[in-house]
Amino acid sequence: MTPDDLYTVSAGGFSATADAFARDADSGGLWFLSMVGSQTALKAIWGSLLKQPPDPAHLIRGVDGMALSGGYERCHVPRETVGTWTTKIARLPVSGGWHALVYTKLAEYAFERDGFLLLAKSEEEAPSLHHRFLDRRSPLPLHASWAAWLWRRALAREEAVPLQSEGVVAYRCDPDAEALRVDLSVAVASGLLTLPRGDASTPTTHQEGDTG
């Protein structure tokens, strides 16, 4: 990551350097944020974002104190994520500054909601990570060999929508369980997807007690 990849996050009269974030470019909804600065600034910024209604907040291209012209984008915490956020603040051992990692629990594998936030290190990692999250939430068993097909399908049906991001690859995922069931049945019946030897000829629901 170069200095040109960094942003300044500003809210509540304070600012800090954002080294990673995920944001909905259309609504301005902020889904993930990693920022570095003074402890006071980090807490004030996050407190401003969580206020209801939130204080005005912006992401500005460039390091804090050296913001570049352009790339000035508003951001806010999406209403549907209020109450799901986790904040981790730690002191940086070398610089003496502080780092804050704030994210909605929708990014956690075990969080009990159908929709989820996919945060990956690269685009190549996204299909397998999407399969892992989807399989936990699906009433149908989803074989790991189907990961690429499931990912292409999710993108085509806009059940996985890319977010504007820096420092991370991010997608907002809202699976449609009934549409997935239909598409899987058609794909298996047509031979587009094959089932591992010993599995049933069509997808079946998990048995009670399975974790997915």
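Helices H2 and H3 are roughly perpendicular to each other, because the angle between them falls in the range of 65 to 115 degrees. This is a predicted model, and the tour starts at that crossing.

**Stop 1: the crossing of H2 and H3**

Select residues 126-137 for helix H2 and residues 147-156 for helix H3. The two pack at an angle of about 90°, and their axes are 8 Å apart. To see the contact itself, show the side chains of Ala126, Pro127, Ser128, His130, His131 and Leu134 on the H2 side. On the H3 side, show Ala147, Leu150, Trp151 and Ala154. Sorted by type, the residues of this contact are 7 nonpolar and 3 polar, with no charged ones.

**Stop 2: H2 by itself**

H2 is 12 residues long and spans 17 Å from its first C-alpha to its last, close to the 16 Å expected at 1.5 Å a residue.

Now bring the rest back. How many of the 12 residues of H2 are buried? The count is 9 of the 12, so H2 is largely enclosed by the rest of the structure. Colour the buried ones: Ala126, Pro127, Leu129, His130, His131, Phe133, Leu134, Asp135 and Arg137. Among the elements that cover them are strand S8 (116-120), H3, strand S11 (169-173) and helix H4 (177-190).

**Stop 3: Leu118, in the strand S8**

Select Leu118, which is in strand S8. Its relative accessibility is 1%, so Leu118 counts as buried. Which residues does Leu118 touch, not counting those up to four places away in sequence? They are Ala126, Leu129, His130, Trp151, Val169, Ala170, Tyr171 and Cys173. For a distance to check in the viewer, pick the C-alpha atoms of Leu118 and Phe133: they are 8.3 Å apart in space, while the two residues are 15 apart in sequence.

**Stop 4: H3 and what surrounds it**

Return to H3 and colour its buried residues, which are Ala147, Trp149, Leu150, Trp151, Arg153 and Ala154. These residues pack against S8, H2, S9, S11 and H4.

**Stop 5**

Phi of Glu158 is near 60°, a positive value in a residue other than glycine. Is Glu158 buried or exposed? With 62% relative accessibility, Glu158 counts as exposed.

Next select Glu159, which is also placed in the loop between H3 and S9. Glu159 has a relative accessible area of 9%, and buried means under 20%, so Glu159 is buried. Show its side chain together with that of Arg153: a polar contact of 3.0 Å joins them. Leaving out residues up to four places away in sequence, Glu159 touches Arg153, Ala154, Arg172, Cys173, Asp174, Pro175, Asp176 and Ala179.

**Stop 6: Ser34, in the strand S3**

The last stop is Ser34, in strand S3 (residues 30-37). Ser34 has 5% relative accessibility and therefore counts as buried. Where does the side chain of Ser34 make a polar contact? The partner is the side chain of His99, at 2.6 Å. Show the other contacts too: apart from neighbours within four places in sequence, Ser34 is in contact with Thr17, Ala18, Asp19, Ala20, His99, Ala100 and Leu101.

Terms used:
Residues numbered from 1 in each chain as written. Predicted model: local features only at pLDDT ≥ 70, side-chain atom pairs only at ≥ 80, totals over all residues. Heavy atoms only, no water. Axes fitted to C-alpha atoms, helices over the stretch in contact; angles between N-to-C directions. Helix = DSSP H or I, 4+ residues; strand = E, 2+ residues; numbered from the N terminus. Parallel < 35°, antiparallel > 145°, perpendicular 65-115°, else oblique. Contact = heavy atoms within 4.5 Å. Nonpolar A, V, L, I, M, F, W, Y, C, P; charged D, E, K, R; others polar. Expected span 1.5 Å × (residues − 1). Buried < 20%, exposed > 50% of the residue type's maximum accessible area, 1.4 Å probe, protein only. Polar contact = N/O pair within 3.5 Å; in protein donor to acceptor, adjacent residues only side chain to side chain.
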